[in-house]
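Welcome! Take a moment to look over the model below, and then we will walk through it together.

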Amino acid sequence: MLEGIFSDVSRMNKRQKFYQALNFGMIVSSALMIWKGLMVVTGSESPIVVVLSGSMEPAFYRGDLLFLTNNREDPVQAGEILVFKVKERDIPIVHRVIKVHESADGEVKILTKGDNNAGDDRAGMIYAPHQNWVTKSEIIGRARG
């Protein structure tokens, strides 16, 4: 199979190779522009994420794609599905908000749980050591579709 591709390329003249490279570059740059545009419109550093575990079944299954928005001005409410990062973990977590605590100084603390998990994320040791809540700064986005 690769031999066929290489033989096709070797039969091209310089102009055809240039046009192929130009087309490839345009496809890659278009994809990057669309991704950056989605980041600006949604306010999320990652506007589309993949569900990586079964902790949210039956709402979301492993491999499902989620479209995120992240308007930081909107208050977080119980029942919403958040995607957030935890210190010391590279993979974002997709879980439902079960409690929201707002202190007098305006600091918001959020407790989350996977729908398919027995306990909340503190009990399931999802959060970083000595962390009991998710803060607004750790939120990547809210699932919208």
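Helices here are DSSP runs of H or I with at least four residues, strands are runs of E with at least two, and both are numbered from the N terminus. This is a predicted model, in which local features need pLDDT of at least 70 and side-chain atom pairs count only at pLDDT 80 or more, while totals for chains, interfaces and linings use all residues. Residues are numbered from 1 along each chain as its sequence is written, and side-chain values use heavy atoms, leaving out hydrogens and water.

Now step back along α2 itself. Covering residues 14–42, this helix has 29 residues and reaches 42 Å from its first C-alpha to its last, close to the 42 Å expected at 1.5 Å a residue (the expected span is 1.5 Å times one less than the number of residues). UniProt, in an unreviewed entry, places a "transmembrane region" at residues 21–41; such annotations may be inferred rather than shown by experiment. Over residues 21–41 the chain is 100% helix and 0% strand.

Next come the strands. β4 (residues 93–102) and β5 pair in the antiparallel sense over 6 bridges, where pairing requires that DSSP finds at least two bridges between two strands. Glu102 has Val108 in β5 as its bridge partner. The hairpin of β4 and β5 has 5 residues between the strands, and there Gly106 takes a positive phi near 95°.

On to β6 (residues 134–135), which pairs with β5 in the antiparallel sense over 2 bridges. Here Lys109 has Thr135 as its bridge partner.
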